[in-house]
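Here is a short report on selected residues and on how the chains are arranged. Please read it beside the sequence and the coordinates.

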Protein chains: 2
Amino acid sequence: MKLLKEKVLNEGIVLSDQVLKVDSFLNHQMDPILMKEVGREFTRRFEGEEITRVLTIESSGIAPGIMTALELEVPLIFARKQKSLTLREDILVEKVYSFTKQESNEITVAKKFMKPGDKVLIIDDFLANGEAAFGLARIVEQAGAEVVGIGIVIEKAFQPGGKLLKEKGYRVESLVRLAALNDGQVTFAEEEVNV
Amino acid sequence: MKLLKEKVLNEGIVLSDQVLKVDSFLNHQMDPILMKEVGREFTRRFEGEEITRVLTIESSGIAPGIMTALELEVPLIFARKQKSLTLREDILVEKVYSFTKQESNEITVAKKFMKPGDKVLIIDDFLANGEAAFGLARIVEQAGAEVVGIGIVIEKAFQPGGKLLKEKGYRVESLVRLAALNDGQVTFAEEEVNV
């Protein structure tokens with residue numbers, strides 16, 4: 001996705017060989033026109049799937065999520081993160097480990113919003129180790145619903161999340177894939193051919 | 001705002017005389033078409049103001065915030081909430097007390113995204129005691145920028161936030177104002193006349 005690549009090149013800050021800071025357009029300050037284009041692109045890539053829900057996780061997934069939901073004309077659900085939780089009958093819960101923050105969170109979705117028969121598109125801003133995406137997928141499956149695919153704004157392709165998700169049979173569509181972050185420079189992974 | 005009032009009446013759940021649950025369309029599951037209309041309505045109400053930034057707070061403010069930013073064609077910034085914080089030179093910090101959760105959070109915005117000369121529209125999903133809105137306004141003022149106004153999706157007009165904000169000179173535009181939540185019923189406050 002050209003507009004997104006340009007943003008990454010012009011505004012992304014390589015903090016280390018693991019960390020790309022994109023807080024000027026994606027996860028603190030957000031560019032709404034870019035987010036709208038992101039929503040359109042996910043919709044184009046998953047065209048023909050009869051998606052009934054978009055699922056994301058607070059907070060940085062909400063903007064690309066709501067724009068995708070708007071294009072698809074289906075509801076967005078955002079999973080909430082909590083440190084710990086009193087178990088309740090009305091919620092779906094999964095544990096997710098964050099390598100960045102080195103802590104586990106419970107992520108939750110109200111049962112009433114996800115049902116057997118739902119076809120769910122998972123959206124997130126970043127994919128690195130895949131912990132959040134796997135957690136969201138397990139929530140969908142707990143509900144007896146189907147994961148149609150996983151749409152990622154920026155995939156760190158040098159980390160294992162994308163590969164692991166594909167090995168489990170999930171369709172992953174990343175709008176930008178980073179091959180490496182070396183010497184303060186972003187290297188993009190080769191484009192997969194999009195029909 | 002008619003569509004929003006209908007949603008409140010049809011899907012809102014009155015949990016007590018203080019709490020209206022709107023998790024089917026506003027703060028867990030979100031209706032993207034409603035959010036788009038919310039963004040349009042805020043843009044209409046603040047027409048003529050030369051807004052340069054929209055500011056909200058994670059997580060439920062992000063969807064109405066990004067839709068407003070899209071209509072206005074300006075960036076959205078969402079303030080992050082944190083339990084406690086190491087002070088850093090590059091961020092603006094304010095303390096905000098949550099009556100709902102009975103805890104204080106630090107809310108933060110990176111200094112580089114808010115500058116003197118910025119004209120900022122603050123957006124949030126709910127207004128009750130006004131703690132979050134006041135915190136966001138203090139962030140804007142710390143930056144030497146100007147608060148153009150405060151746009152609220154649902155104001156609990158039986159709580160003091162709206163009155164306190166107006167007394168301090170802020171322009172508050174609430175799309176729906178609740179006069180009371182009694183016996184499981186929502187009573188709307190009288191409409192202010194909109195030109």
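Lys156(A) touches Gln18(A), Phe126(A), Leu127(A), Ala128(A) and Leu178(A), with residues up to four places away in sequence not counted. Contact means heavy atoms within 4.5 Å. Lys156(A) sits in strand β9 (residues 146–156) of chain A. Strands (E, at least two residues) and helices (H or I, at least four) are DSSP runs, numbered from the N terminus.

This is a predicted model: local features need pLDDT of at least 70, side-chain atom pairs count only at pLDDT 80 or more, and totals for chains, interfaces and linings use all residues. Residues are numbered from 1 along each chain as its sequence is written, chains are lettered from A and ligands numbered from 1 in the order in which they are written, and side-chain values use heavy atoms, leaving out hydrogens and water.

The UniProt annotation "binding site", from an unreviewed entry, covers Lys156(A), Asn27(A) and Leu20(A). UniProt positions follow the numbering used here, feature names are shortened, and annotations may be inferred rather than shown by experiment.

Asn27(A) is in the loop between β2 and β3 (29–30) of chain A. Beyond its neighbours within four places in sequence, Asn27(A) contacts residues of chain A, including Ser60(A), Asp125(A) and Phe126(A), and also Phe78(B) and Arg80(B).

Thr108(B) belongs to strand β7 (residues 103–110) of chain B. Among its contacts, leaving aside neighbours within four places in sequence, are His28(A), Arg80(B), Leu92(B) and Ile139(B).

The table lists burial. Buried means under 20% relative accessible area, exposed over 50%, and partly exposed in between (1.4 Å probe, protein chains only).

| Residue | Relative accessible area | Class |
|---|---|---|
| Lys156(A) | 13% | buried |
| Asn27(A) | 16% | buried |
| Thr108(B) | 7% | buried |
| Leu15(A) | 53% | exposed |

Leu15(A) lies in the loop between β1 (13–14) and β2 (20–21) of chain A. With Ile13(A) and Val19(A), Leu15(A) forms a nonpolar surface patch, with about 240 Å² of accessible area together. Like charges are joined within 9 Å, and nonpolar side chains (Val, Leu, Ile, Met, Phe, Trp, Tyr) within 5 Å. Areas come from the Shrake-Rupley method with a 1.4 Å probe, and for residues only the protein chains shown count as cover.

How are the copies related? Chain B superposes on chain A by a rotation of 180° with 0.0 Å of shift along its axis (RMSD 0.0 Å). The two copies are therefore related as by a two-fold rotation axis. Of the residues of chain B, Ser59(B) comes closest to the axis, at 2.7 Å (C-alpha). The same surface serves both copies: 100% of the contact residues of chain B recur in chain A.

Notes: Patch = residues over 30% accessible without salt bridge, like charges linked within 9 Å, V, L, I, M, F, W, Y side chains within 5 Å. Salt bridge = Lys/Arg side-chain N within 4 Å of Asp/Glu carboxyl O. Least-squares fit on C-alpha atoms with pLDDT ≥ 70 in both.
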